[in-house]
Amino acid sequence: MMNRLRDETAGATAGAPAVDPGKMPGHWLLAKMGKRVLRPGGLELSRAMLARLAIQHADAVVEFAPGMGVTARMTLRKTPACYTAVERDPRAAARVKRYLRGPTQRCQLGSAEQTGLPDQSATVVYGEAMLTMQGADQKQRIVAEAFRLLKSGGRYGIHEMTLVPDDLPLEVKQDINRTMTHSIHVGTRALTVREWRELLTAAGFQIQSEITAPMLLLEPLRIFRDEGFFRALRFGFNVLRTPEVRRRVLAMRRTFRRQRAHIGALALVAVKP
Ligand SMILES: C[S@@+](CC[C@H](N)C(=O)[O-])C[C@H]1O[C@@H](n2cnc3c(N)ncnc32)[C@H](O)[C@@H]1O
């Protein structure tokens, strides 16, 4: 039985150390199995967020945490004046760099908390499935960094996991976040829609639009929609052929299903006044 995997998350690391599929972060395990869309609302919510960000040729775009680069490619097809990705995982950054062309398209290795990019150098900033995994202070620092980077009138988009309803008791929220953290092996601190809104408005943003979707990341229909027919089949095959991976992925899906009534996906688009 194969129970150790080479960590080739972004497909760029021959000779990387072997990792245990029972312990690796859930999103990297899914990526390793061939899943590219790693955000809670799937491609549909990404498209809805991008539609509201309305990226034009004149825009200077910054993407936080592009991961496998799926949204990066959608953005690049809109041919913005420039595109800069900020990704802290070296293998994911290497993967994203493969999609970039010319001096106006860049991917830098580093944290969205402190990008080192100039003040007011962007007209659009967005990030997906990256704030949920941060603690309260880190969330604030990342949102403040988006605010600093944007020119007045610039748009900020987020796509994250949400807890519902807004008045969910604190113990239930804590219990869901604990259970999710335990299952996906990444600190999960999802917020309610109201709390996400407040995170952005506290930094100075004005909320422009808000779209919600169910959190169906590991449901077969969503996987087919997000990955396409052949990639979805390959992902299923990759998961099923390794017992330890199968156990882990099915356990994640069970957790998502158990919490179904209280978890969802949210995209917010806000403007810097
Ligand atoms: C769940 S994946 C989501 C990737 C992609 N945005 C998507 O939706 O498919 C989380 C990504 O966030 C990146 N990340 C987490 N914290 C970060 C930070 N502070 N700065 C930059 N990247 C970060 C991780 O390396 C990883 O690529």
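Which residue follows α7 with a positive phi? The views below come from a predicted model, and the first of them gives the reply.

**View 1. Helix α7 and the glycine after it.** G204 follows α7, and its phi is positive, near 115°. The helix itself spans residues 193–202. Its buried residues are V193, W196, L199 and L200. Down the axis of α7 they fall within an arc of 125°, so they line one face of the helix. An α-helix has 3.6 residues a turn, so residues three or four places apart point the same way.

View 2. Helix α8 covers residues 220–227. R222, I223, D226 and E227 are buried here. These residues cover an arc of only 110° around the axis, which puts them on the same side of α8. L221 and R225, on the other side, are exposed.

**View 3. The cavity.** One cavity of 30 Å³ or more turns up in a search of the whole structure. The largest cavity has a volume of about 60 Å³. Its lining consists of M215, L216, L217, L218, E219, R253, F256, R257 and R260. Five lining residues are nonpolar, four are charged and none is polar.

Methods: Residues numbered from 1 in each chain as written. Predicted model: local features only at pLDDT ≥ 70, side-chain atom pairs only at ≥ 80, totals over all residues. Heavy atoms only, no water. Buried < 20%, exposed > 50% of the residue type's maximum accessible area, 1.4 Å probe, protein only. Helix = DSSP H or I, 4+ residues; strand = E, 2+ residues; numbered from the N terminus. Arc of directions from axis to C-beta. 1 Å grid on protein atoms, 1.4 Å probe; cavity = no way out; pocket = protein on both sides within 12 Å on 5 of 7 lines; lining within 4 Å. Points joined across faces, edges and corners; volume = space filled by probe spheres on them. Nonpolar A, V, L, I, M, F, W, Y, C, P; charged D, E, K, R; others polar.
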